[in-house]
Amino acid sequence: MMLTSHVYRIPAAVHVHHIKDTLCDHLPMHLEPASALERTFLDTFDWRLYEAGMELEAFTVGSEVLLQLRSLDSGAALTSLRCRGLPQFIWDLPRAPLRARLEAVIEMRALLRQVSVASDVQTLKWLNKDGKTLLRLELEESQIQAQADRSAEHSLQSRLRVVPYKGYDKPLKQALQVVEQRLGLRLDEQTLMVEALRRLGREPADYSSKLTIRLDPAARADRATKDILLHLLHTMKRNEQGTLEDSDSEFLHDFRVAIRRTRSALTQIKGVLPSARVEHFKQGFAWLGQLTGPTRDMDVYLLVFDEYQGSLPAGFRNDLLPLRTFLQAHQKKEHGELVKHLCSTRYERLLTDWQGFLEEPVPQRSSLPNALRTVNDLSRERIWRVYRRVLREGQAIHEETPAEFLHELRKTCKKLRYLMEFFQSLYPPAEIKAAIKDLKVLQENLGDFQDLEVQGTSLREFSRQMVEEANVPVDTLLAMGMLVENLERRQQKARQEFSERFHHFSQAASQERFEALFSPKLEAVA
Amino acid sequence: MRTLASYNIKGGVGKTATTVNLAFLAAREGAQTLVWDLDPQGAASYYFRIKPKVKGGSKGLLGAKKEIDDLIKGTDYENLDLLPADFSYRHMDLILDSAKKPTHSLEKAVKPLRDEYDFLIIDCPPSISLLSENVFQAAEALLVPMIPTTLSVRTYDQLLDFLEKHRLSQLQILPFFSMVDLRKRLHREVMDTFSRECPGFLKQYIPNASEIERMGTERAAVPSYAPRGTSAHAYEELWEEVKARLR
């Protein structure tokens, strides 16, 4: 069982030698040969481990890597694993407790080297007469290894780690006494990783795909809209590198979502920005949206491939493998095309012009219908209008209604969702979260319904292409046929579930919630 | 928590070496592992350099959770803890017998540890007793090291009979050959016969190596002081086979 390490800060003015000498004077410590450690902190681009309260440290020891997973709160080590080389994806790790623990958290994202630290470590061991270690003390002097520039060294605070061994409480007590009373050391307030990041001018969790923009309710609608769009542009840019390198599938995903939201904002937030410019940029982003589609499609099918395999009876699973090969080859090709476009002057110009436009201050006076209204007012009006449309369109759907009506409703729900997310900061957090949750329940069903249909169509298209491109075994086509059948069945089930889902969304409690948040308020009597 | 026990009624067949080395490997992979040294001789405790002393003796051991937790010691290896042996364990049967369900006392004692450890590996004394029956009840698999001689084969049959008679067929038996000397014809012949007649035998065997004998002087697990040797490799392969069987 792993116990909490007590980590103490050694103030800059104090020499590590002095600490070592004092410890050896007052405790029966045995000095081990000094060692040099290189450690790298790993996390996904969106800091999933950090958000889940954990820290993953990789120690390079010779040719092997020791991974240590720690709780951020207590510093207690949760589990560890030895492996060869730094894992890029969670599935690169052998099946072991550490992998099992992180699989659901990390999913398909790449583990990036967030920061690397080099440490000189002096280890002191308290040994009993049997040579058993009862306590370990580690004196650490560390520096950051900045990735781009290896020669730049940033010294970090020196630390003393007190590592207890279970069942040997007396040595721990004695050591803590010396450390805290005699040496007067205090516990480390920020972990090594956080200190190192901050020294590089960064913060942990400095990226999130969520829309975290905070708006001022009294702000002008046109300025607020530009701010929202700037936030989205920033998200796009942050994901550019990862998209170009295809480090993992989610960079492109976040890039695309930012594009989609941009287009939605340009369409839904009406009358705030000059229409000619809006039209121009709408076209630009439509082009961008189209560009990114084919690669994302391939990514999605590759992500869902394991599920596809699992859905077939055991004897048929291997028959599906040629499909994966096909998808991988096409993904590479589409990604190559995407890269070409993202490196083109057309793309560069689009973003530069867009950024320029958004950074332009809004005109003092504007003749646009909604530009001068408060963002609070406008957001409420727009959201309410689209909400009513969702209710209307949903109520018109019954068992016999053709599928296109559900697809339309899905689009309307999406518009509503984006609007609610853009303006989230203007509303009481608990209430709007609950309202979004209600909407999600309905959206999920409509999304599944459409998605399953698209998947079925795509699989049939893939099978045609695979036949054209190469000798695809008949068994593969049969297996794909089975998939299509499964999808169709699931799609029917989704269709049947619609009325219940819509009922949940349109029930009194939910409507009251939306009304309280967005319904047009009566003008106060002056 | 997966519970394994290293068991054989005969002594000197490599039970403790098996326990210590497999536990080491489990811990190295990141699994939280506990070794329970139930042998009053305390060999496992000796290898881990931990005193074979348990506060309160056998009585303290079979008490409530807080007590058993307090008795556990951290070994020098990360993720690996030990419940040490105590000389009073030679009277364990008497204590076990006084409980309401005499064969379930051990199982009851380890229950509170279920969420703390991924593996519990019990090092058993060479005997057949109420303590052994408790182990059979508490464990999900028995690791049975056997020296490939005709007598050991006989002992193996006796074990199978015993388990069947006591309706313990849910207990997985993982027999394997230990202290193997391939220069001896008897060893080769017994191993041959067994692999044909008992498909349940693990394929990997542990050689009779001085590397393993050195555990007594090194007071450490073989893969820690001889990581690239054949013995370490043999234990690694054995561990892989055991894990595969446990799934």
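## Close-up views of chain A

**View 1. Helices H8 and H9 of chain A cross with left-handed geometry.** A crossing is left-handed if the near helix is turned anticlockwise from the far one by less than a right angle, and right-handed if clockwise. Helix H8(A) spans residues 249–268, and helix H9(A) spans residues 275–311. They pack at an angle of about 150°, with their axes 9 Å apart. Axes are lines fitted to C-alpha atoms, for helices over the stretch in contact, and angles run from 0 to 180 degrees between N-to-C directions. The contact of H8(A) with H9(A) holds ten nonpolar, eight polar and six charged residues. Ala, Val, Leu, Ile, Met, Phe, Trp, Tyr, Cys and Pro count as nonpolar, Asp, Glu, Lys and Arg as charged, and the others, Gly among them, as polar.

This is a predicted model: local features need pLDDT of at least 70, side-chain atom pairs count only at pLDDT 80 or more, and totals for chains, interfaces and linings use all residues. Residues are numbered from 1 along each chain as its sequence is written, chains are lettered from A and ligands numbered from 1 in the order in which they are written, and side-chain values use heavy atoms, with hydrogens and water left out.

**View 2. Helix H6 of chain A packs with helix H11 of chain A.** H6(A) covers residues 221–238, and H11(A) covers residues 345–359. The angle is about 145°, and the axes lie 9 Å apart. This crossing is left-handed. Residues in contact (heavy atoms within 4.5 Å) include A:Leu229, A:Leu230 and A:Leu233 of H6(A) and A:Leu351, A:Trp354 and A:Phe357 of H11(A). By class, the contact of H6(A) with H11(A) has nine nonpolar, one polar and four charged residues.

**View 3. Helix H5 of chain A is largely enclosed by the rest of the structure, because six of its eight residues are buried.** Buried means under 20% relative accessible area, exposed over 50%, partly exposed in between (1.4 Å probe, protein chains only). The buried residues of H5(A) are A:Leu192, A:Met193, A:Val194, A:Glu195, A:Ala196 and A:Leu197. Their cover includes strands E3 (35–43), E4 (54–61) and E7 (112–127) of chain A. After H5(A) comes A:Gly201, with a positive phi near 80°.

**View 4. Chain A as a whole has 16 helices and eleven strands.** Helices (H or I, at least four residues) and strands (E, at least two) are DSSP runs, numbered from the N terminus. Of the 526 residues, 48% count as buried. The C-alpha atoms fill a box of roughly 85 × 75 × 50 Å, taken along the principal axes.
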